[in-house]
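Have a look at the sequence and the fold, then read on.

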Amino acid sequence: MTTTLELPLDQGPPAAPADRAILDASPDALAAWLAERGEKPLRARQLRRWLVAGRAESFDQMTDLPRDLRADLAADWTPFGTTIARRQVASDGTQKLLLRLHDGRLIECVLIPEADRRTACVSTQVGCGMGCVFCASGLDGVARNLSPGEILEQLVRLRNLLQPNERLTNVVVMGMGEPLANLDDLLAALAVAGHKDGLNIGQRHVTISTVGLPAKMRRLADLNKQYHLAVSLHAPNDELRNRIVPTNTKTGIADIVAAADYFLATTGRQVTYEYVLLGGLNDGPVEARQLAGLLRGRQAHVNLIPFNDVPGLPYRRPAAGVQQTFVDALRRAGVSAKVRKRKGADIDAACGQLRRAVEAELVSPRAERAPESGARSARGETDSEICQTGQQ
Ligand code: SAH
């Protein structure tokens, strides 16, 4: 039995038009609107500070703004560009938000509270274009990139779930999408997240997870930020990786590892390799030995992720003993490794899973929350596990 709490589906009006939400507004549009009313441009910063640092959720709460201005703002703008379509709370405290975007699309983000940290797991795209065969997020491909405001808003919405004396301490960019395929928008959002007048989350507490796009990894390295980079390897040789991670045919493991080495050399930040353990496919002694051979001597860490079931897909999580044998083999070979722990197991914790269920309900409100289109309906069970981690 689960102790999941579910808030009802929000049947309210769609989210505000993208260009009318303060967190998503173009600086020019907001500046022009303020200028029309004889307001100074710095009001724009004040508004954003209220929303990001000040936890305001309405213009009325912005008590140092003139009353008339607050009324005008409420007539023409909304604070946020998304609405909360649903919230789920797991028995371990993990919370998932389903956010509806201005165009009606749905995205998910997750809050993972732990003893010493409060981690937000965010999405960067609607869907994903990478097509990893075991991952539900990519089953329908990618619809579009999220804007900087839409990425930031996930963080703000999750932070607003915390008690007043709590703050977000960590961010993992491990929700739906390939972060390096939307790098500029992600960086813009993270800049606000890291700012002392923003969410004040240090770069070292941000983990960006990539399928492994070498050129983008090098670009990120050259920015010389302190973000932590996680690379989803999932196989120790190209033949196997081509089958599991189709984009590998365009890159190849050697280029990815070289780019990861470059990232370490440039930023001084050790790279984490993620490796989803798929029973009978990549979890045997041969793969463990090959992976050890690839990473031995490198300053790197391996996060082993036991596959999180996606109904309809023919993959399975290996038995605990197999997981242990794999991690032991890596350690014996001198490679730092651990098996990732699981969070939010009793909610639709995987990114995309909740979205799927709600989309199914909207089509047929009384339908059971079961897959409505075979394998694809499970989309996102995947990322549930992703968000279990925080940083190592
Ligand atoms: N596009 C990014 C972010 C993906 S989500 C990337 O590829 O890294 C973060 C991690 O969760 C990735 O390693 C991804 O491969 C993994 N993942 C996806 N679906 C999963 C599933 N069903 N079970 C376990 N891990 C999964």
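## Cysteines

There are 0 disulfides in this structure, a disulfide being a pair of cysteine sulfur atoms within 2.5 Å. Take Cys128: it is in no disulfide, and the nearest cysteine sulfur, belonging to Cys135, sits 6.3 Å away. Cys128 is buried at a relative accessible area of 10%, where buried means under 20% relative accessible area, exposed over 50%, and partly exposed in between (1.4 Å probe, protein chains only). Cys109 counts as buried too, with 0% relative accessibility.

A word on the ground rules: this is a predicted model, so local features need pLDDT of at least 70 and side-chain atom pairs count only at pLDDT 80 or more, while totals for chains, interfaces and linings use all residues. Residues are numbered from 1 along each chain as its sequence is written, and side-chain values use heavy atoms, with hydrogens and water left out.

## The nonpolar cores

A nonpolar core here is a set of buried Ala, Val, Leu, Ile, Met, Phe, Trp, Tyr and Cys residues joined through side-chain atoms within 4.5 Å. The largest one has 98 residues, and Leu73, Ile208, Leu220, Tyr273, Val302 and Leu330 have the most contacts inside it. A second, separate core has 6 residues, including Val110, Ile112, Cys121 and Met174.

Leaving out residues up to four places away in sequence, Tyr273 touches Val231, Leu233, Val257 and Ala260, among others; contact means heavy atoms within 4.5 Å.

## Helix H4

Helices (H or I, at least four residues) and strands (E, at least two) are DSSP runs, numbered from the N terminus. H4 covers residues 148-159 and reaches 17 Å from its first C-alpha to its last, close to the 16 Å expected at 1.5 Å a residue (that is, 1.5 Å times one less than its number of residues). Because 11 of its 12 residues are buried, H4 is largely enclosed by the rest of the structure. Among those buried are Glu150, Glu153 and Arg157.

## Strands side by side

Strand E8 (residues 170-173) has Asn170 and Val172 pointing one way and Val171 and Val173 the other, all of them buried. E8 runs parallel to E5 (residues 117-121), joined by 3 bridges, and strands pair if DSSP finds at least two bridges between them. Thr119 has Asn170 as its bridge partner in E8. Another 3 bridges join E8 to E9 (residues 206-210), also parallel, with Val172 opposite Thr207.
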